[in-house]
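Here is a friendly walk through one protein model, helix by helix. Keep the structure open beside the text as you read.

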Amino acid sequence: MDADVVVVGAGLAGLVATHELASRGKRVVIVDQENAANLGGQAFWSFGGLFLVDSPEQRRMGVKDSPELAWNDWRGSAAFDRLDDEDVWAVKWARAYVDFAAGEKRSWLLGHGISFLPTVGWAERGDLRADGHGNSVPRFHVAWGTGTGVVEPFVNSALAAASRGLVTFRHRHRVDELLISDGRATGVRGTVLAPDDAPRGAPS
């Protein structure tokens with residue numbers, strides 16, 4: 001297989017990555033151990049809750065939230081304690097994600113047709129302290145259509161990109177190893193599994 005990018009897994013993360021790549025004209029191969037009936041992976045079955053910070057839905061409910069409060073909550077749960085070594089990139093990623101959730105994430109989702117129920121729930125409620133585990137205010141925004149509604153725009157995007165020749169699916173291909181050359185991932189190696197046309201959710 002030759003492509004600009006190999007995406008391992010056709011779950012939600014893989015489909016979102018594929019959407020971003022294909023929208024920039026990159027050729028993508030999606031390698032997934034399941035069959036075509038399982039696009040979206042476990043996210044298809046999820047409740048569709050999305051982490052947003054200081055949203056209109058929160059404000060409508062009287063929830064006082066802010067990026068700094070969300071960052072304190074995140075650090076309380078993550079308990080980063082290796083800031084000179086292993087946690088450095090985790091901290092950078094987490095901070096960027098909190099800022100994204102407080103900024104353009106909601107409008108980005110709306111731009112893909114994903115909207116939210118008017119109430120906000122408590123996932124990982126924790127101990128209600130900003131420096132403890134979990135969220136100190138509700139941030140669990142449920143998408144209309146739950147997980148199916150979150151997955152659908154990105155499944156449609158991948159299928160449309162495949163029709164334009166930008167995306168190739170390799171179903172029933174399991175990745176067992178990343179190929180590393182000079183410290184960089186340059187490919188994947190794995191196993192071609194037996195064909196299987198089981199419906200979504202059935203053992204394969």
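Helices (H or I, at least four residues) and strands (E, at least two) are DSSP runs, numbered from the N terminus. Covering and packing rest on contact, that is, heavy atoms within 4.5 Å.

What happens along the axis of helix 6 at E152? Helix 6 bends there by about 30°, and a proline, P153, follows within four residues. The bend at a residue is the angle between axes fitted to the seven residues ending there and the seven starting there. The end C-alpha atoms of helix 6 are 27 Å apart, which agrees with the 26 Å that its 18 residues should span at 1.5 Å a residue. That expected span is 1.5 Å times one less than the number of residues. After helix 6 comes G165, with a positive phi near 85°.

## How the model is read

This is a predicted model, in which local features need pLDDT of at least 70 and side-chain atom pairs count only at pLDDT 80 or more, while totals for chains, interfaces and linings use all residues. Residues are numbered from 1 along each chain as its sequence is written, and side-chain values use heavy atoms, with hydrogens and water left out.

## Helix 1

In helix 1 (residues 12–22), the buried residues are G14, L15, T18, H19 and A22. They sit on the same side of helix 1, because they cover an arc of only 140° around the axis. The arc is taken from the directions that run from the helix axis to the C-beta atoms. Among the elements covering these buried residues are strand 1 (5–8), strand 2 (28–32), helix 6 (146–163) and strand 6 (167–171).

A70, W71 and D73 are buried in helix 3. Its buried residues fall within an arc of 160° seen down the axis, so they line one face of the helix. They pack against strand 3 and helix 4. A79, whose phi is positive, near 50°, follows helix 3.

Look next at A94, which lies in helix 4. A94 has 0% relative accessibility and therefore counts as buried. Leaving out residues up to four places away in sequence, A94 touches W71, W74 and F80. The C-alpha atoms of A94 and R75 are separated by 8.7 Å, with the two residues 19 apart along the chain.

## The protein as a whole

The protein has six helices and eight strands, in the order β-α-β-β-α-α-α-α-β-β-α-β-β-β along the sequence. Its C-alpha trace spans about 50 × 40 × 35 Å along the principal axes. Of its 204 residues, 33% count as buried. Among contacts between residues at least 6 apart in sequence, 65% join residues at least 24 apart.

Conventions:
Buried means under 20% relative accessible area, exposed over 50%, partly exposed in between (1.4 Å probe, protein chains only).
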